[in-house]
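Q: I have a chain open here and have not looked at it before. Can we go through it together?
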Amino acid sequence: MVKHNRMLASSHMRKHWMRRVRCFFNTPAHKKIRRDNRASKAAALFPRPISKLRPLVHGQTREYGSKIKFGRGFTLAELKEAKLTPAFAQTVGIAVDHRRHNKNSETMAANVKRLNDYKGKLILFPRNEGKPKKGEINDSTAEQLKSVVQNTADGVLALPVLKKRCKPEALTADLKKAKIYQKLRQARVDKRYKGKRDKAARLAEEAKKEQISQTPLALHFSTRPECSALDTLTPVLTPATEIRHLWSPRPAPSFHVLSRAEARTGECSRPPAFTRTPQDSPAKVVASAAPLIQGVASEM
C-alpha cells in the first residue's frame, strides 16, 4: 500500500472521457469544407491577393539557419531602398515589421529586389475610375485593369527553389595540402587578440613618434672631410646609443653634429666637430660629443 501522502491507486473517478474525445472519421468531407472556405475567402478578397507580400528571412539557430522562409514584414531600411514609405506600403498589401533589422547586405538586396518586382507587377486600382494618379506606385491604366488575375500564392511571390545537392568536385593537390583546421584555429586566435595587438601597435607607434619629436639633433659621420656625402646614423637618444653608434671600427672618422633640417638635406657649413682616434675610449668620445650636441641644441 502507498504511504506518505496516501495517494489513491488507480483513481479514475468517472471522468467521462468519451465526452471530450473528438473523432475525425469523415476526412474527405472536411477536405472539401477547407477547399470551399479557401474559395470563399479568395472571392471576398478579389481582386486583391489572398496574402500579403512578405520578406525572405533565414531560420534561427545553427540547425535551421540555412532554411529560407517568409518573415513577418519588411524592414524600414528595405522599404527606403525600394523608395516606399511604411504607411503607403501597408495600404498596397506589403507587410511591414519595424522591429526587424538587416544583418547582411545579401538578404537586404534580395528583399529589395522582391519589393521592386512586386511594384513592377502590381495593378493598382485608382480611387476614381478613369482618373489614374501618380505616386510611389502609379495607378494602373484602363488597359491594365482589363487583364486582372487574382494572385493566390502564399506570400504573393513564391519562395526561391533551393538545390540542396551539389556536384562533386575533383580533389586537387591544393585541397589535400590545405590545413583547414589550423586556419580556423589561427583565425580564432587572431580575432581574440586583435584588440590587444592593435593597441600594442598603436602605443608603439605613438612612443616612436614621441621619441622622435623629443630628439632635436642627429649625429652624422664621414670618413671624408667634406659634408656633402654623409652616412646617416640613428638620432642620438641616450648615452647608451651614443656609445654604441659612436664607437665605430672605422679608422679616425670625422664627426659632425647637425640639426634635423641639415640631416635631411645633407648639407652642412660647419667644420667637423672632432676626430676620433683609435686610441680614444667610448667614454672619451661621449664626453667630447655631449657639449657639442648641447651647443647646437641651444642654437636651434
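Q: What share of the contacts in the chain with a separation of 6 or more comes from residues 24 or more positions apart?
A: Such residues account for 57% of those contacts. Keep in mind that this is a predicted model.

Q: OK. How many helices and strands are there in the chain?
A: The chain has 12 helices and six strands.

Q: And what percentage of the residues is buried?
A: Buried residues are 23% of the 300 in the chain. The chain exposes about 23,900 Å², and 56% of that comes from carbon and sulfur atoms.

Q: Let's pick one residue. Where is Glu 78?
A: Glu 78 sits in helix H3, which covers residues 76-81.

Q: Is Glu 78 buried or exposed?
A: Glu 78 counts as buried because its relative accessible area is 0%, and the cut-off for buried is under 20%.

Q: Which backbone nitrogen lies 3.1 Å from a polar atom of the Glu 78 side chain?
A: That is the backbone nitrogen of Thr 75.

Q: What else is Glu 78 in contact with, leaving aside neighbours within four places in sequence?
A: Its contacts are Arg 100, Asn 102, Thr 107, Met 108, Asn 111, Val 112 and Leu 115.

Q: Switching topic: which residues touch the most other members of the largest nonpolar core?
A: Among its 15 residues, they are Leu 53, Phe 74, Leu 79, Ile 94, Leu 115 and Tyr 118.

Q: Take Ile 94, then. What does Ile 94 touch, not counting residues up to four places away in sequence?
A: Ile 94 touches Leu 53, Phe 74, Leu 79, Leu 84, Ala 89, Leu 115 and Tyr 118. Leu 115 is also in contact with Glu 78.

Conventions: Residues numbered from 1 in each chain as written. Predicted model: local features only at pLDDT ≥ 70, side-chain atom pairs only at ≥ 80, totals over all residues. Heavy atoms only, no water. Helix = DSSP H or I, 4+ residues; strand = E, 2+ residues; numbered from the N terminus. Buried < 20%, exposed > 50% of the residue type's maximum accessible area, 1.4 Å probe, protein only. Polar contact = N/O pair within 3.5 Å; in protein donor to acceptor, adjacent residues only side chain to side chain. Contact = heavy atoms within 4.5 Å. Core = buried A, V, L, I, M, F, W, Y, C linked by side-chain atoms within 4.5 Å. Areas by Shrake-Rupley, 256 points an atom, 1.4 Å probe, with all protein chains shown as cover.
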